[in-house]
Amino acid sequence: MRTLESLGDLRSKTVIVRCDLNVPLSDGTITDDGRIRASLETLRELRSAGARIVLISHLGRPGGAPDAQYSLRPVADRMAELLAAPVRFVPDTIGGAASAAVSELSDGEVVLLENLRFNPAETSKEASERRSFAAQLAAGADAFVSDGFGVVHREQASVYELPSILPSAAGRLVAKELEVLQRLTETPEREYTVVLGGSKVSDKLGVISHLLERVDRLLIGGGMVFTFLAAQGHNVAASLLESDQLEAVRGYLAEADRRGVEIVLPTDIVVAEAFAADADHEVVPADAIASSRFGEAGMGLDIGPESAATFAEHILASRTVFWNGPMGVFEMDAFASGTREVASALTRSHGFTVVGGGDSAAAVRSLGFRDDQFGHISTGGGASLEYLEGKTLPGLEVLA
Ligand code: ADP
Ligand code: MG
């Protein structure tokens, strides 16, 4: 992996830096600035080296056209506060305003261009469209730094094509994330426990077969629990269920058994009357979800207290823990306990703890935990899972 050193002296050089500034916004206000903070180290270093910095990023999924609610403007303001330096925002990526702003940069100055995904070429399926967008972005620049770890698993213009046009290197964040992932895949201290949850069930089920080769124990919470419980023959009422994955899940359970990997499922579930913050709810055994007083309308929205305590014990008995995906609908107070207990156990662990995933990182912060209570909080959920799966990540491959 080429690092910043490989780019040589960057004084007065125009350097494009691809960050992942995809922060959660609510009415134009940034609710978690973790990804902006994670970008600072590289930017500070480039500024003190005298580089002229052109920051690029995506935000959300605007669908290839300008959409004010996905503008990066609020990010420029927050970035300027955190850097304690001006960050000029340009409401454009490859037009005249952008090239003018770039050519006016002095040493150590920073501009942030508008959301890359306002241009459909950024995420186009056609390599030729992505290449021509990347070439336009590269015009007038001397080097490229890839520091958007959350997107390195994407074959997109600013991630995959741009680095092959300019002299390019990994930024400090990408290098740090990679170091952590290598530690998890190559030399994890045992016992190694992975905690999986969240709502992207079918995405994450695929990870399980690869993890079974590497870990000692899998703790399953969040939305995917119900596909496991259903695979064991239990009625999960109105809970999230991927019926077409039942066979695959039975296969994982059998394979785990063969390999001696423990798959720990919750023994109790918080079942609610509806998907709402003020919904009536009760705790029932995991094998009797339909017996709650809401009957077939009941939906499991969190793991129960007994399960949370069991998960915490397993976490505290492990030397390495990787956690992706909230244990329940943590955005609603009534269903946040499982996620809070798991997070708390990670903070008390003396082992190496890694939290990966946009919502997981946002969850631990919104529940009042500090970043430094964990070994590492990854800025990329999909990217870290794909790496742990053993996949080749296009955005890293081009920096090799
Ligand atoms: P990450 O971004 O950390 O990878 P995901 O995007 O997969 O995590 O999932 C996060 C979402 O999962 C949260 O918004 C949370 O509300 C939701 N979730 C967790 N448990 C459940 C559940 N039992 N039913 C429905 N949604 C759930
Ligand atoms: Mg998510």
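Select Arg-183 and Phe-352: the charged end of Arg-183 sits over the ring of Phe-352, 3.5 Å from the ring centre. Keep in mind that this is a predicted model.

**Next stop: the aromatic pair.** The structure holds one such pair. Select Phe-369 and Phe-374. Their ring centres are 6.3 Å apart and their planes meet at 75°, so the pair is edge-to-face.

**Then His-376.** Find this residue in strand S17, residues 376-377. His-376 counts as buried because its relative accessibility is 7%, and buried means under 20%. Show side chains: that of His-376 makes a polar contact with the side chain of Glu-177, at 3.0 Å. Leaving aside residues up to four places away in sequence, His-376 also touches Lys-176, Val-180, Thr-353, Val-354 and Val-355.

**Last stop: ligand 1.** Now check the oxygen atoms of the ligand. One lies 3.0 Å from a polar backbone atom of Ser-199. For the side chain of Asn-324, the distance from a ligand oxygen to an N or O atom is 3.2 Å. For the side chain of Ser-360, the corresponding distance is 2.5 Å. Taken alone, ligand 1 exposes 580 Å², and the protein buries 90% of that.

Notes: Residues numbered from 1 in each chain as written. Chains lettered and ligands numbered in written order. Predicted model: local features only at pLDDT ≥ 70, side-chain atom pairs only at ≥ 80, totals over all residues. Heavy atoms only, no water. Helix = DSSP H or I, 4+ residues; strand = E, 2+ residues; numbered from the N terminus. Buried < 20%, exposed > 50% of the residue type's maximum accessible area, 1.4 Å probe, protein only. Polar contact = N/O pair within 3.5 Å; in protein donor to acceptor, adjacent residues only side chain to side chain. Contact = heavy atoms within 4.5 Å. Phe/Tyr/Trp six-rings, centres within 6.5 Å; stacked < 30°, edge-to-face > 60°. Lys NZ or Arg CZ within 6 Å of the ring centre and 35° of its normal. Areas by Shrake-Rupley, 256 points an atom, 1.4 Å probe, with all protein chains shown as cover.
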